[in-house]
Amino acid sequence: MSRVETLIGDMTLAEKLGQLTMTASSYAVTGPVIAGDSTESIRDGTLGNLLNMVGADHVFEMQRLAVEGSRLGIPLLIGLDIIHGHRTLFPVPLAEAALFDPEAWTLTAREAAAEGAADGLAMTFAPMLDVSRDPRWGRGVESFGEDPWLGVRMAEAKIRGFQGADLAAAGSLAACAKHFCAYGPVTAGREYAAVDVSERSLQEVHLPPFAAAIAAGVATVMPSFTDLAGVPMTANIPLLRGWLRAEHGFDGVIVSDYNAIAELINHGVAADLVEAATLALKAGVDIDMMSDAYRRGLPPALERGLVTMSEIDAAVRRVLTLKEQLGLFEDPYRRGAKAESPVAVANRRQIARSVGARAIVMLKNENNALPLSRPVRQLAVIGPLADACAEMGGAWGAAQKAEDHVTVVAGFRAALPKVEILHSAGVAIQSKDTKGIQRALDVCTQADEILLCVGEGAYMSGEAASRAQLGLPGEQRAFAEAVFDHAKALGKRVIVVLFSGRPLVVPWLFEKADAVLAAWFLGSEAGNALADVVTGRVSPSGRTPITWPRAVGQIPIFFGQRPSGRPFNPQDHFTSKYLDVSNEPLFHFGHGLTYGRFALSNLRVTPERVTESDTIEVRVAVTNEGARAAEETVFLFTHDKVASVTRPLLELKGFGKIALGPGETGTVTLRLRATDLRFPGLDLQPVFEPGEVEILAGPCADRARLLVQSVRLFA
Ligand code: NOJ
């Protein structure tokens with residue numbers, strides 16, 4: 001018999017339920033320690049999994065208790081939210097998405113896995129695969145933004161990175177596709193609120209990244225906290241047992257979200273822990289994170305005949321199999337056995353710096369503001385985010401040390417040793433105190449150039465960080481307006497570095513600033529990455545992976561909208577519009593300026609007559625008409641003009657990049673499988689419908705800037 005089956009045969013019910021339980025460790029470095037000291041339960045075999053532990057020595061101490069001190073010696077599975085790095089932080093996922101570079105996404109996940117595994121960990125609760133079209137929702141920062149096709153690419157890249165080719169390797173972590181599914185469209189963008197989306201949206205928008213994750217071999221899946229059309233995801237049999245397990249063949253571990261099983265009581269579908277545990281187990285949830293519902297609720301449920309031992313065994317089997325796949329039985333101390341070399345750590349910082357620089361999106365650049373080119377003797381680096389190391393990492397980063405992060409001020413001091421960097425915060429991120437503004441203005445008076453660092457604090461996006469007003473917090477607007485006015489009077493330019501975990505709705509700022517860089521949260525090397533771009537060492541290439549609204553009332557605004565029967569027509573009152581704001585976003589999906597100036601031409605699409613087995617080749621000529629080398633991103637969209645169900649106005653199907661020197665021309669070639677033109681038909685089954693499809697290529701999702709050629713599909 002296999003090890004797993006032998007163990008199951010030997011286990012008591014209490015030991016089985018221990019394998020289905022995950023508790024926060026007493027070595028948690030963030031948040032409250034809810035479970036207290038779990039050492040007793042580990043020793044008696046009634047706790048098999050931990051989360052939130054940092055440090056290989058602690059991990060080993062706990063692992064020894066389980067392996068050497070418990071009756072059956074089953075190793076612990078220990079996980080942590082390694083979302084965008086562990087000790088070294090890379091840009092937040094939304095920022096990383098702006099690279100449109102799957103290889104880079106894999107690389108940072110690989111590095112994060114190596115660093116986390118060197119701390120003894122075997123599991124991360126990432127990647128987050130929730131399509132995010134509502135910037136009020138704080139968790140968009142953990143996502144790839146608004147587009148499902150991008151989510152598919154991100155899922156593949158991240159899972160490849162975290163898990164590597166061999167899950168048992170010392171540098172690999174079990175990944176977790178979360179939050180399954182449709183967590184993004186919470187009602188009114190309010191965290192943890194209910195979700196109600198159509199079956200079609202599930203099929204077209206929310207499920208594809210998860211399907212890709214399963215196809216990529218993701219080890220675990222986490223259901224979302226939320227209620228979906230009346231059925232909380234933690235108890236959602238059709239989606240967990242049906243779609244995930246039966247239809248897509250996922251046989252890995254389903255781990256609940258934090259206390260989510262107990263929260264089925266608040267959702268109003270369970271009267272007590274017994275019912276909650278029953279519902280979750282029936283739905284296929286294997287590990288109960290933090291509810292203690294399985295240990296407390298399943299024994300009575302078993303007695304009452306609500307669940308069966310074979311259902312419990314099936315869950316235990318999946319957990320033990322994962323531990324086996326991770327190599328934990330073979331060598332529970334493989335991860336964390338060797339400290340990482342200083343070279344590996346330094347190399348990781350370099351990666352964080354270059355990915356950081358590439359994640360920056362230059363939203364605006366006028367009056368030759370960027371890169372800094374005139375001689376500068378004194379540079380004002382002002383604002384509440386200019387010298388704020390604790391904010392640079394952004395949401396998540398349990399193992400980070402704020403003092404390891406490079407601030408903007410530090411980055412510029414290092415990059416421009418001959419320039420005097422003058423700093424004054426002006427205001428705090430969120431306070432009402434405006435007394436510091438004058439000092440900051442005085443600094444501007446002295447300086448040749450002004451870099452104004454404003455935005456949200458790291459804690460203002462991420463979990464439980466919804467916002468209804470998406471402006472600058474605190475007194476930052478008053479401060480920024482004072483700086484703009486003062487600079488104007490002095491005849492100086494203002495370059496704004498905007499930190500945020502979402503598009504901030506600050507049209508006034510975009511109007512007044514000479515240049516704006518979206519810095520999101522760039523991680524450990526933030527200041528160096530920003531200095532690289534501002535000084536021109538690196539030409540910016542990031543593109544916004546989320547449409548940037550001009551008014552909160554436009555939300556949700558995304559390029560993949562379906563057509564209206566009455567599309568906007570300025571000559572006709574009764575068409576789709578607002579009375580008080582344009583339909584247009586401030587910046588389209590994919591927008592991002594470079595130090596070059598690109599012209600796209602000569603779109604060639606072959607073949608023009610397409611059958612389902614074809615691959616369509618799309619070529620477009622790109623010329624850098626600017627004076628500096630830069631990298632252009634070309635997006636490939638499709639639009640099915642007449643179909644049995646309405647199709648989105650644009651559907652993303654590809655992207656490619658090309659680096660060109662001044663005056664150079666090159667060709668970007670993108671390939672599109674005709675099968676990618678399938679869509680869920682009237683009955684929601686995939687169809688490939690004959691007819692005309694537009695193939696569009698261009699620098700962003702602004703239709704006016706896209707080159708178009710039609711192809712004809714034949715069944
Ligand atoms: C709650 C979050 O929703 C989830 O994403 C995370 O992995 C868990 N807490 C564990 O920290």
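Predicted model: local features only at pLDDT ≥ 70, side-chain atom pairs only at ≥ 80, totals over all residues.
User: Which residues of α14 does α1 meet, and how many residues in the contact are charged?

Analyst: On the α1 side you will find Arg 3, Val 4, Glu 5, Leu 7 and Ile 8. They meet Asp 313, Val 316, Arg 317, Leu 320, Thr 321 and Glu 324 in α14. By class, the contact has 5 nonpolar residues and 1 polar residue, and the number of charged residues is 5.

User: Is the crossing of α1 and α14 left-handed or right-handed?

Analyst: This property belongs to the crossing of α1 with α14. For this pair, the crossing is right-handed.

User: Which residues of α9 make the contact with α8?

Analyst: The axes of α8 (residues 199-206) and α9 (residues 208-215) come within 6 Å and cross at roughly 50°, and the two helices are therefore oblique to each other. From α8, the contact uses Leu 202, Gln 203, Glu 204, Val 205 and His 206. The contact residues divide into 5 nonpolar, 2 polar and 1 charged. On the α9 side, the residues are Pro 208, Pro 209 and Phe 210.

User: How many charged residues are in the contact of α18 with α19?

Analyst: Helix α18 (residues 437-446) and helix α19 (residues 476-490) have axes that cross at roughly 30°, which makes α18 roughly parallel to α19. Ile 437, Ala 440, Leu 441, Cys 444 and Thr 445 of α18 touch Phe 479, Ala 482, Val 483, His 486 and Leu 490 of α19. These residues divide into 8 nonpolar and 2 polar, and the number of charged residues is none.

User: Now to the ligand: how far is a polar side-chain atom of Asp 257 from an oxygen atom of the ligand?

Analyst: The residues surrounding the ligand include Leu 51, Phe 125, Arg 139, His 179 and Asp 257. An N or O atom in the side chain of Arg 139 is 2.6 Å from a ligand oxygen, and a polar side-chain atom of His 179 lies 2.7 Å from a ligand oxygen. For Asp 257, the distance is 2.5 Å.

User: Is the peptide bond from Lys 178 to His 179 cis or trans?

Analyst: Most peptide bonds are trans. His 179 sits in strand β5, residues 176-180. The bond that links Lys 178 to His 179 has omega near -10°, and it is cis.

User: Where does Pro 371 lie?

Analyst: A cis peptide bond joins Leu 370 and Pro 371, with omega about -10°. Pro 371 is found in the loop between β11 (361-365) and β12 (378-382).

User: What is the phi of Ala 182?

Analyst: Most residues other than glycine have a negative phi. Ala 182 is in the loop between β5 and α8. Although Ala 182 is not a glycine, its phi is positive, at about 60°.

Notes
Residues numbered from 1 in each chain as written. Heavy atoms only, no water. Left-handed = near helix turned anticlockwise from the far one by under 90°. Helix = DSSP H or I, 4+ residues; strand = E, 2+ residues; numbered from the N terminus. Contact = heavy atoms within 4.5 Å. Nonpolar A, V, L, I, M, F, W, Y, C, P; charged D, E, K, R; others polar. Near = heavy atom within 4 Å. Polar contact = N/O pair within 3.5 Å; in protein donor to acceptor, adjacent residues only side chain to side chain. Axes fitted to C-alpha atoms, helices over the stretch in contact; angles between N-to-C directions. Parallel < 35°, antiparallel > 145°, perpendicular 65-115°, else oblique.
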